Amino acid sequence: MPKLEDKMIEIKESKKISKRIHTLREKVLRAKPSVCTERAKFYTSVYKEHEDKPVIIRRAFALQKTLKEMTIFIDDGELIVGNHSSQLRAAPIFPEYAVDWLPEEMDDLDKRPGDAFFITEQHKQELLEIADWWKGKVLYDKGRALMTQELRDIHDTAIIKATGNLTSGDAHIAVDFIKILETGLSGYLEEIKSYAGEVKGYNQEGIRKAQFYDALTIGIQSMSAFIKRYADQAKYLAKQEQDPGRTRELETIADNCTHISEKPPVNFHQALQLTFFIQLVLQIESNGHSVSLGRMDQYLYPFYKQDILTGNITDDQAVELFENTWIKLLSINKIRPWAHTRFSAGGPLYQNVTIGGQTTEGMDAVNDLSYLILDSVGNMKLTQPNLSVRFHKNISDAFLMRCLKVITKGFGMPAFNNDEIVIPELIKLGVEKEDAYNYSAIGCIEIAVPGKWGYRCTGMSFLNLMRVFLAALYDGLDTRSGKTFHKGIGHFNNFNSYEDLFKAWKHQIKYYTRKTVEIDTAVDTALEENVPDILCSAFVDSCIERGKTIKEGGSKYDFISGLQVGIANLGNSLAAIKKLVFEEEKLSKEDLLEAIENDFTGEKAERIQQMLLNFAPKYGNDNDYVDQLLVDAYMEFINELRHYHTTRHGKGPIGCQYYAGTSSISANVPSGSVVPATPDGRKAFTPVAEGSSPTSGTDTKGPTAVFKSVSKLPTDRIMGGVLLNQKLSPASIRNDSDKKKLISIIRTFFADLKGWHIQYNIVSRETLLAAQEDPEKYRDLIVRVAGYSAFFTTLSPDTQNDIIARTEHFL
Amino acid sequence: MIFNIQRYSIHDGEGIRTIVFFKGCPLRCKWCSNPESQTYGLSLMYDHRICKNFGDCIQKGKPAIKFTNEGLSIDRANIKNKEEFRDICLSKALTVIGEDLSAVELLKEIEKDKLFYQQSGGGVTLSGGEPLSQNGSVTYFLDELKKNKIHTSVETTLHVTWNQIKRCLGRIDCFLVDLKHTEKSKFRDYTEGDLELVMTNLKKLNELREHIIIRIPVIPGFNHTLEEMKGIINLSASLQSVDEIHFIPYHTLGSEKYKMLGMDYPYSNHKAISDTELTPYLEFAKLKGLNAKIGG
Ligand code: SF4
């Protein structure tokens, strides 16, 4: 085997973009997002027609009808085919999840401050009729109905948010691509048949299983038929085509589709095409996001290697196929109610591709395909896929250097996850070694074992930590809603010491932790009963064997996390109060509360705000005082969480536990918008801090200090992800020496400090300001928002300003 | 006395470094971009842009501090105890520059990035001002760093007595020597210093085979001509202990600080030098067998 260093020279950088790819890229970038009603119509008619059938069968028929009748097309020049809806970047509607928002928001879809969608009058009419039929029957209503009044109130005052899960469903999953490419769709049919043959129909379980297997069979067969439609279409187009070169391409597409509609792929092109079809149908079946592609450089490698050895393909061709696939991923689009869109700005689908990492034997897994994927993603500079690199301590500098080359293009990719923390911690949780070494990133920064893990390794409810903190100050009163959900142990004005404050925090956070689980349980129950996924279950181990959907307990592993928002603000608030009120007595309790209530306006309150901002230590500066207070407070949440299980507990999967998570995407902006002023000096309703990153502008000691602070968090218990976003100015990584130094601190952060994740935004402030002024010119400007990248100009002004405000580190 | 500790510096020597800036400098270079580093005692810095007009400083400092139409006016000469103002301003618009930290306190701060030094081959750089012109505590501090196996660099003008250098020998892994000019009179006109002193010290260091890197501030109107640069480069190349040379282009980032310190900036009319203007110097230095870089 050649040494890695040699390999990098071998894999020369692929910088040229073919004309075909250039045209396809332009086309998808120019396509205006719109709304497609086809899926909604098919699903509605099937649901109406089969009202007597179990939900899983109804869903199988609905999927069947959609795959059979939806508009399909093959665009000029494309080599990878498959479309999500009737037009490029049109979002299908998933009425079975939620409909109330449709009539409410329909007229304003094209006027949204971010993520606007174009919709015709005719489509509006169609959707109104559809929405009318679905009223009261959808996931959103059923989920809310399962909540107690108390939970609904907590949810509606936004202390805990789970709207996204109720309007968009689950996903956050990667399926078993290794098996899919090995057995092909026919392999699945055989497997389903053999398990179905063993079902005993005399008990309830048997009846359910039989229905499940029927649904799976319909699902897989429909998918085969769907792929065959593309074969026919390609054949048809080939006949019309004048250009002999394109005719040959279309014939290849037809052959590929015919073959993989049933049989396992025999070459790289077919393997990639089948991978994309799987991704596509999962995106048609479910309204969720973060449907991820797993370790593409690993499972595609055998196909690539064989094609290279036989001279069937060149590296340039492989890169072109990848580029085409990335464009296809971007063509997939989904629409969210505004309430949810605010939490994940930029309309991302977080289709993650993971490269690098280690083999199950612990060897460096970086291969030629890792380089090709990296380069092709760098060439495309699109928001999809979301590219993650698995770091481990023996990863080569050569590969990291190449990663930095792509990072310096300034579109936020790739991000890094860290084997050195993830693998040992997964093993401790009970994940088998072989599986642990095969983990991949899901969505943005969270992790799971592809094809073996249930939904939502992260992304359940959002818990607004600062609202809980304020309730701790006011004896349980939520000042925003005027409600006391959980009576406290006293009012801040009567606390005698920091210990009293901490006790009050503990009292409240325990309660709200329990409430997040209760809300999740209601949501999960509704998801299980109303929108079971058929194909997604088929492709996840061990659903077929157990005869269960993923939600019923079909997956091998099941660990999930919610998201806690406002991490840095929590630490900074605790430190400010401890130091200024209790230790130095520079500030009285009454004055502090008064200043907060006045949102720091008026000279007295303003003076207090300046004191809070400038005379108390801030998280992100490697200051043990504040960092430790944060850890202690967060641990109260984490320890409480240990007492709870998911709805799958006892039904088969390993785990069924919760852990903490901070990959709160762009939720820091809307989460902040419902939080009054806080004792860290933050003004009311402004964004809270993002993920585990320090509060904007307070990390004045540079990136190493940020790394140190972040690494003090109990990362081993935050397996839902510790998101760290750093912004660098382009001037700070001009030459190779700068890049080497950046690699060196990344190594220290990961190998020594056991950090979880890091991603870089390398865009100058000037560029961002210019793009705000002149969005037309900058329509392809991408920024890292949180765990993912988004087109800057599609973001709302609030989110844009938040990104501009984040500290820019000059190296 | 320290005026700043900067972590994660990557342009001042090998690897990732923490720079400790010492306050006080024997020279007064006309272009100096760190005016707060020049005096040995405390300085008062005032940034009107973040001033909230709370007036606490006036309470404390009247009549030397007062409001005028153009913001705060500070008669620094008539403020005896600047220390009293350290925590007076809540918005930190008025700050006291300079702090006496013990070697132990300094070390604690420096050790925080030890893992990063190890991974990158970095360490600590003493800068200023002129770190070697501090009192004997610098020697003790350097000793502590060496005890903790931390790589040490010192950025120096060499405009100090030989004794001030001698007491630090053996504790400095790398000297980053500012070589500004080869002409005595020009040096005096622009820095108020004596080039002879610098040259004698440099030659001694060279004879002792200390590790020396020459850093040339490239300053418009002072040494920014090929002829003058050739002089400095030739001299550097003639020293056996020197194989590396850095060109530091003049920038204007310091000009705002002069205002904040109530000082006049003699170089306020000059423009920054771009990297491309340095190409001929780089080429000449390479021709002379030196490893030449822009920045560090
Ligand atoms: S030697 Fe440096 S610090 Fe001293 S005056 Fe000159 S430029 Fe300023």
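Is Asp475(A) buried or exposed, and what is its relative accessible area? Asp475(A) is buried, with a relative accessible area of 19%, where buried stands for under 20%, exposed for over 50% and partly exposed for what lies in between (1.4 Å probe, protein chains only).

This is a predicted model, in which local features need pLDDT of at least 70 and side-chain atom pairs count only at pLDDT 80 or more, while totals for chains, interfaces and linings use all residues. Residues are numbered from 1 along each chain as its sequence is written, chains are lettered from A and ligands numbered from 1 in the order in which they are written, and side-chain values use heavy atoms, without hydrogens and water.

Over all chains, the whole structure holds 67 salt bridges, a salt bridge being a side-chain nitrogen of Lys or Arg within 4 Å of a carboxyl oxygen of Asp or Glu. The table lists examples.

| Salt bridge | N to O distance |
|---|---|
| Arg30(A) and Glu26(A) | 3.9 Å |
| Asp475(A) and Lys487(A) | 2.5 Å |
| Asp627(A) and Lys712(A) | 2.8 Å |

Arg30(A) and Glu26(A) are four residues apart in helix H2 (residues 19-30) of chain A, and therefore separated by about one helical turn; helices (H or I, at least four residues) and strands (E, at least two) are DSSP runs, numbered from the N terminus. Arg30(A) is exposed at 53% relative accessibility, whereas Glu26(A) is buried at 19%.

Lys487(A), the partner of Asp475(A), is exposed, with 52% relative accessibility.

Asp627(A) is buried, with a relative accessible area of 1%, while Lys712(A) is partly exposed at 26%. Both belong to a network of salt bridges that also includes Arg7(B) and Glu109(B).
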